[in-house]
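Subject: Structure handover and notes

Hello,

My notes on it follow, grouped by topic.

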Amino acid sequence: MKDNFEVLKLDNEPYDFLIIATSYENPLGCMDEIGKEIQMQKAKLLFDLTLINGVSKNRYIKCEYEAERNQLQPCAIVESVDDAIKKISQNYFAKNQEIVKKSVISNALKYLLTSGMV
């Protein structure tokens with residue numbers, strides 16, 4: 001696991017990878033590290049920025065990655081995310097409570113995440 005993100009491979013989803021922010025630092029600026037970890041020429045990425053933005057409408061951001069350019073194509077907010085992906089995020093936060101507790105989000109949201117309610 002990197003210092004500020006975790007990459008999870010998705011199967012049978014509209015995205016190839018779910019990248020979860022694990023600190024207040026936004027992983028959108030870590031394309032070198034993400035590219036090394038995913039090891040694909042092209043990939044559809046979904047970023048879960050809950051530990052940065054909370055559960056506001058900019059929680060999920062989608063981007064396309066191209067290794068040749070080693071950068072993200074224009075990103076967009078995703079307002080509707082499949083329940084299966086939400087469940088992956090929910091399970092991740094419930095299992096990684098130390099990451100949630102160290103985050104900058106409110107204590108109320110920390111409780112909801114570590115309890116598996118969000």
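How many helices and how many strands does the chain have? There are five helices and six strands. Please keep in mind that this is a predicted model.

Overall layout

Read from the N terminus, the order of elements is β-β-α-β-α-β-β-β-α-α-α. The C-alpha trace spans about 40 × 25 × 20 Å along its principal axes. For 118 residues, a compact globule would have a radius of gyration near 13 Å, and the 14 Å of this chain agrees with that. Of the 118 residues, 43% are buried. As for contacts between residues at least 6 apart in sequence, 49% of them join residues at least 24 apart.

Strand pairing

Strand E4 (residues 60-66) pairs with strand E3 (residues 42-48) through seven bridges, and the two run antiparallel. One of the residue pairs here is Ala 43 with Tyr 65, the latter being the bridge partner in E4. E4 is also joined to strand E6 (residues 76-77), again antiparallel, by two bridges. In that pairing, Lys 62 has Ala 76 of E6 as its bridge partner.

Cysteines

The count of disulfides comes to one. It is formed by Cys 63 and Cys 75, with 2.0 Å between their sulfur atoms. The angle about the S-S bond is 115°, and the link between Cys 63 and Cys 75 is right-handed.

Cys 30 is in no disulfide; the nearest cysteine sulfur belongs to Cys 63 and is 13 Å away. Cys 30 counts as buried because its relative accessibility, 12%, falls under the 20% cut-off.

Aromatic rings

What did the search of the whole structure for aromatic pairs find? It found one pair. The ring centres of Tyr 92 and Phe 93 are 5.8 Å apart and the planes meet at 75°, so this pair is edge-to-face; the angle cut-off for that class is over 60 degrees. Both Tyr 92 and Phe 93 are buried.

A further ring has a charge over it: the charged end of Lys 9 sits over the ring of Phe 17, at 5.1 Å from its centre.

Individual residues

Asn 4 is in the segment before strand E1 (5-9). Is Asn 4 buried or exposed? With a relative accessible area of 7%, Asn 4 is buried. Apart from neighbours within four places in sequence, Asn 4 is in contact with Ile 20, Ala 21, Thr 22, Ser 23, Glu 25, Asn 26, Pro 27 and Cys 30.

Asn 12 is not a glycine, yet has a positive phi of about 55°. Asn 12 is in the loop between E1 and strand E2 (17-21), and its relative accessible area of 82% makes it exposed. Gln 39 is likewise not a glycine and has a positive phi of about 50°. Its place is the loop between helix H1 (31-38) and E3. Gln 39 counts as exposed, at 70% relative accessibility.

Towards the end of the chain, Ser 115 is found in the segment after helix H5 (107-114). Ser 115 is partly exposed, with 36% relative accessibility. Which distance separates the C-alpha atoms of Ser 115 and Gln 97? The two atoms are 9.1 Å apart, while the residues are 18 residues apart along the chain.

Regards

How values were computed: Residues are numbered from 1 along each chain as its sequence is written. This is a predicted model: local features need pLDDT of at least 70, side-chain atom pairs count only at pLDDT 80 or more; totals for chains, interfaces and linings use all residues. Side-chain values use heavy atoms; hydrogens and water are left out. Two strands pair if DSSP finds at least two bridges between them. Helices (H or I, at least four residues) and strands (E, at least two) are DSSP runs, numbered from the N terminus. Rings of Phe, Tyr and Trp (its six-membered ring) pair if their centres lie within 6.5 Å; planes under 30 degrees apart count as stacked, over 60 as edge-to-face and the rest as tilted. Buried means under 20% relative accessible area, exposed over 50%, partly exposed in between (1.4 Å probe, protein chains only). A charge sits over a ring if NZ of Lys or CZ of Arg is within 6 Å of the ring centre and within 35 degrees of the ring normal. A disulfide is a pair of cysteine sulfur atoms within 2.5 Å. The radius of gyration is taken over C-alpha atoms; the globule rule is 2.2 Å times the number of residues to the power 0.38. Contact means heavy atoms within 4.5 Å.
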